[in-house]
Amino acid sequence: MMKCVKVSTFIHTILSYKRYCHFESKPHLGFDSLDSPVRASVGIFWDLDNKPFKLIPPFDAATKLKKAAGEFGVVRFTVAYANRHAFSYVPPLVRQPMKERKMLNSLENRGVAKVKDPYICRVCGRRFYSNEKLVNHFKQIHEREHTKRLNQIESARGKMRVKLVSKYAMKMDKYKYAFKDVLTPKVGYGLADELKRAGFWVRTVSDKPQAADIALRNHLADVMDKRMVDYVVLVSDDSDFVEVLKEARLRCLKTVVVGDSNDGALKRTADAAFSWQEIMMGKAKKEAVSVVGRWRDRDVLKRLEWTYDPEVEKKMYYSEVESDDSDGFFSGEDDKEDVGASFLKEDAGAWWKLD
């Protein structure tokens with residue numbers, strides 16, 4: 001009786017551990033393999049040099065992209081490559097509001113412009129009647145508290161670190177969401193920080209031409225060699241990645257391209273292609289289910305397909321004849337003479353005369 005209780009408690013702890021994990025590991029032999037099928041692995045590779053943002057906020061675009069890729073399987077790799085110019089560049093749509101904000105701050109400090117609704121701090125809820133006072137309050141109090149929490153977590157080890165992360169999780173999330181609206185990014189318009197907040201691994205390469213393409217291509221080749229993913233999602237419009245996609249298809253990997261060029265070489269080479277408009281509207285997320293279904297049906301038909309190869313058939317036939325000889329059906333000179341005599345007896349009479 002005690003053994004049954006211990007086994008049931010062990011199973012309960014395993015299932016509860018799976019429920020509270022913030023990542024989804026690759027299922028192997030264990031409790032997962034009994035009740036759930038193995039899901040495919042997906043990797044997102046983003047070329048920011050050739051596919052920058054235009055009208056879409058970085059965090060929203062990255063989140064929608066991950067949701068769409070999640071319909072193909074479990075997203076295990078999210079990588080973005082670019083040089084420092086891509087991160088320091090500020091689009092005109094972002095540059096103009098920044099200038100207007102600076103002018104409004106100067107007018108508020110002089111007392112010329114007054115705001116009807118006060119500025120509210122999204123961390124503590126305090127109200128301010130000028131944006132500059134809100135920024136100073138945020139830097140002096142909340143930014144310092146956030147750095148203290150990060151230092152405290154970095155210095156801790158083991159169980160204490162896990163406790164601190166769970167203790168400060170809500171406060172740190174609240175700070176991240178408030179930081180985006182209050183403080184102006186020091187470099188560019190916060191592209192790298194927004195992608196990191198969405199869960200991407202952002203890599204800055206040198207300023208040499210094609211440096212991001214070479215680094216991304218090498219990363220893709222390494223992932224394909226180790227067979228870490230089953231689906232490759234490439235975000236780019238650069239035709240230099242055509243050879244990489246062809247290599248992925250030769251290795252039986254499914255390829256998906258996200259880009260705005262309707263008749264690009266990448267979209268013609270890939271198994272499926274979506275535009276940014278389809279990603280943001282959620283159309284790609286819905287179509288991904290039907291695309292995966294078509295791929296599975298195609299794979300099943302390929303397995304059931306029968307092809308005739310004469311060389312293979314000859315080898316199979318001769319191997320069967322040799323096996324019959326080894327069993328003794330046509331072994332020895334006497335057997336050959338008996339067979340020849342029987343044939344001669346049959347051919348002795350005319351074919352139209354019956355016995």
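Modeller: A word on terms before we start: helices are DSSP runs of H or I with at least four residues, numbered from the N terminus. Please keep in mind that this is a predicted model.

Colleague: Thanks! Which residue follows H9, and what is its phi near?
Modeller: Helix H9 covers residues 211–225. It is followed by Arg227. The phi of Arg227 is positive, near 55°.

Colleague: What does H9 reach from its first C-alpha to its last?
Modeller: H9 has 15 residues. At 1.5 Å a residue, 21 Å is expected. The reach in the model is close to that, at 21 Å.

Colleague: Which helix is among the elements that cover the buried residues of H9?
Modeller: Buried residues in H9 include Leu216, Leu220 and Met224. Their cover includes strands E1, E2, E5 and E6, together with helix H10.

Colleague: How are H9 and H10 oriented, roughly parallel or roughly antiparallel?
Modeller: Their axes come within 11 Å and cross at roughly 5°. Angles under 35 degrees count as roughly parallel, so H9 and H10 are roughly parallel.

Colleague: Which residues in H10 meet H9?
Modeller: By class, this contact has 4 nonpolar, no polar and 2 charged residues. From H9 come Arg217, Leu220 and Met224, and they meet Val244, Glu247 and Ala248 in H10.

Colleague: And His146, is that residue buried or exposed?
Modeller: His146 is found in helix H6, and it touches Met172 and Tyr175, leaving aside residues up to four places away in sequence. Its relative accessibility is 9%. Buried means under 20%, so His146 counts as buried.

Definitions and conventions. Residues numbered from 1 in each chain as written. Predicted model: local features only at pLDDT ≥ 70, side-chain atom pairs only at ≥ 80, totals over all residues. Heavy atoms only, no water. Helix = DSSP H or I, 4+ residues; strand = E, 2+ residues; numbered from the N terminus. Expected span 1.5 Å × (residues − 1). Buried < 20%, exposed > 50% of the residue type's maximum accessible area, 1.4 Å probe, protein only. Contact = heavy atoms within 4.5 Å. Axes fitted to C-alpha atoms, helices over the stretch in contact; angles between N-to-C directions. Parallel < 35°, antiparallel > 145°, perpendicular 65-115°, else oblique. Nonpolar A, V, L, I, M, F, W, Y, C, P; charged D, E, K, R; others polar.
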